Amino acid sequence: MRVMAQLAMVMNLDKCIGCHTCSVTCKQAWTNRAGVEYVWFNNVETRPGQGYPRTYQDQERWKGGWELNRRGRLRLKAGGRLRKLLTIFANPLMPSIQDYYEPWTYDYDRLFSAPATQDTPVARPRSLISGEPTKITWSANWDDNLAGDPSPDPVLRKVSDQVKLEFERAFMFYLPRICEHCLNPSCVASCPSGAMYKRSEDGIVLVDQDRCRGWRMCVTGCPYKKVYFNHRTGKAEKCTMCYPRVEVGIPTVCSETCVGRLRYLGLILYDADRVAEAASVQDEKDLYEAQRGVMLDPHDPEVIAAARAEGIPDDWLEAARSSPIHKLIFEYGVALPLHPEYRTMPMVWYIPPLSPVVDVLAGTGHDGEDAGNLFGAIDALRIPIGYLAELFTAGDPAPVRGVLQRLAAMRSYMRRLNLGQKADESIATAVGMTGP
Ligand code: SF4
Ligand code: SF4
């Protein structure tokens, strides 16, 4: 066992209101510069929708010349040298500026000088990069109005035959995303210059700006498309997990400013010797459990001794023991990884949204706020379990159903207590919980 520490995040999707405060404050702190106008280290995308950058989940589109080797590491597909050179120099598999959507601003002087028209604003949008007038055709949240139309969303397209998209089942929710600071980061594996690296002390993945040569293989290699190219400096940039802040004990900008208070930040311990094996598990449906399996119990004396032997300080071990991340993933069992089938072992996990019951399907006569009924009617939730499973468990509905049942039980239990009623212990015990 080789114990390592990792800074990780869990986001509770039920609490995200899509206000984009996290994105804006992150941008002000980290990408408020020339060359990265189009970049959002933190973005909040609409689900269902195309995501940001557009269609990043369409892995066939981006896979190109990459494959996993036997150790679960990303490498260029076997082939002649010429092919490898062509892949490196041409690198045709990056999103275009249209996929990120072109950033625009307004000629605010014209707000006052332009003649009145029927449309507002009267000033034409212009590109923030070229300054030229632009016709905006798409941005990351234009999907808000689709409400379950499977056509633009590669994940929903996959499950659309299971999901009857009638009016009663129209749904949407927000998915905030940052770099996953993966345990098996394909951006690091794909960098020819050795500029991308994973910090050994806390697992934060960074770009050494002095070593980066602008190959952009990391942009191609990251399945979450969370590395960006600064077209002014010619270097790659990405989310730094706000390391200058966390090193002095303050949270990331996105966590601190989140209006919904939905971002939990904390340390976990994991067994570095088991990462490659877990990343290369054959059956995709086993990947969620495999990824959970590399995490270690910070209360286990054997783990504590091994961690000390690796030089992890005692106050870090204490932080891991009191970490909300460990509790949410293991004790409460309500957090799931995003797209474990990408096999990079992401370290930003999500509590899936517990949407209301669609009563036309459940036939309960309840609106879903009575969670006692919700617990029984878990398959009649507005957001189809199949869709959440494609996002969080490589299509396996069983773990998602278990998480939603636990969330429903917690809601029911606490709701009764808050209303001054007697808590129903049977609901808690039915999902293996002993109390609030
Ligand atoms: Fe690298 Fe992408 Fe994983 Fe971030 S999400 S660590 S950029 S592979
Ligand atoms: Fe969601 Fe919080 Fe970001 Fe607002 S600040 S969009 S609530 S994650």
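**Glutamine 282**

Is glutamine 282 buried or exposed, and how many C-beta neighbours does it have inside 10 Å? In this predicted model, glutamine 282 counts as exposed because it has 7 C-beta neighbours inside 10 Å, and a residue with 12 or fewer is classed that way. Glutamine 282 sits in the loop that runs between helix H11 (275-279) and helix H12 (287-293). Its C-alpha atom is separated by 22 Å from that of glutamate 180, a residue 102 places away along the chain.

**Domains and their contact**

The protein is divided into domain 1 (3-246) and domain 2 (284-430). In the contact between them, 33 residues come from domain 1 and 36 residues from domain 2. On the side of domain 1 that touches domain 2, E1 and helix H6 (154-159) each supply at least two residues. The largest share of that side, 9 residues, comes from E1. By class, the residues on this side of domain 1 comprise 20 nonpolar, 8 polar and 5 charged.

**The largest nonpolar core**

The largest nonpolar core has 105 residues, of which Val10, Cys218 and Ala335 touch the most other members. Strand E1 (residues 3-12) gives the most to this core, contributing 8 residues. Domain 1 (3-246) and domain 2 (284-430) each provide at least three of the residues in this core.

Valine 10 has contacts with residues elsewhere in the sequence. Leaving out residues up to four places away, valine 10 touches Tyr264, Pro324, Ile325, Leu328, Ala335, Trp349 and Ile351.

**Surroundings of the two ligands**

Around ligand 1 there are 14 residues, and Cys179, Glu180, Cys182, Cys187 and Cys222 come nearest. The shell around ligand 1 is made up of 8 nonpolar, 3 polar and 3 charged residues.

Ligand 2 is surrounded by 14 residues, the closest being Cys16, Cys19, Cys22, Cys258 and Gly260. The shell around ligand 2 contains 10 nonpolar and 4 polar residues, with no charged residues. Helix H1 (21-30) and strand E7 (173-177) each supply at least two residues of the shell around ligand 2.

Helix H15 (residues 324-331) has Ile325, His326, Leu328 and Ile329 among its buried residues. The buried residues of H15 pack against E1, strand E12 (263-271), H12, strand E13 (295-296), helix H14 (314-321) and strand E15 (348-351).

Helix H19 (residues 397-418) consists of 22 residues. From its first C-alpha to its last, H19 reaches 31 Å, close to the 32 Å expected at 1.5 Å a residue. Buried residues in H19 include Pro397, Val400, Val403, Leu404, Leu407, Ala408 and Tyr413. An α-helix has 3.6 residues a turn, so residues three or four places apart point the same way. Arg406 and Ser412 are also buried in H19. Just after H19, glycine 420 adopts a positive phi of about 75°.

**The loop between E2 and H2**

Glutamine 50 is placed in the loop between strand E2 (43-47) and helix H2 (59-63). Glutamine 50 counts as buried because it has 22 C-beta neighbours inside 10 Å, where the cut-off is 20 or more. Apart from its neighbours within four places in sequence, glutamine 50 is in contact with Thr55, Asp143, Pro152 and Asp153. The C-alpha atoms of glutamine 50 and arginine 177 are separated by 13 Å, although these residues are 127 apart along the chain.

One joins arginine 47 and proline 48, with omega about -5°, and proline 48 lies in the loop between E2 and H2. Another joins tyrosine 52 and proline 53, also with omega about -5°, and proline 53 is placed in the loop between E2 and H2.

Most residues other than glycine have a negative phi, and most peptide bonds are trans. Tyrosine 101 has a positive phi near 75° and is located in the loop between helix H4 (97-100) and strand E5 (104-106). Tyrosine 101 counts as partly exposed because it has 19 C-beta neighbours inside 10 Å.

Cysteine 242 has a positive phi near 50°. Cysteine 242 is found in the loop between strand E11 (235-238) and helix H9 (243-246). Cysteine 242 is buried because 23 other C-beta atoms lie within 10 Å.

Terms used:
Residues numbered from 1 in each chain as written. Chains lettered and ligands numbered in written order. Predicted model: local features only at pLDDT ≥ 70, side-chain atom pairs only at ≥ 80, totals over all residues. Near = placed C-beta within 6 Å. Nonpolar A, V, L, I, M, F, W, Y, C, P; charged D, E, K, R; others polar. Core = buried A, V, L, I, M, F, W, Y, C linked by C-beta atoms within 7 Å. Helix = DSSP H or I, 4+ residues; strand = E, 2+ residues; numbered from the N terminus. Domains from an automatic or database assignment. Contact = placed C-beta atoms within 7 Å. Expected span 1.5 Å × (residues − 1).
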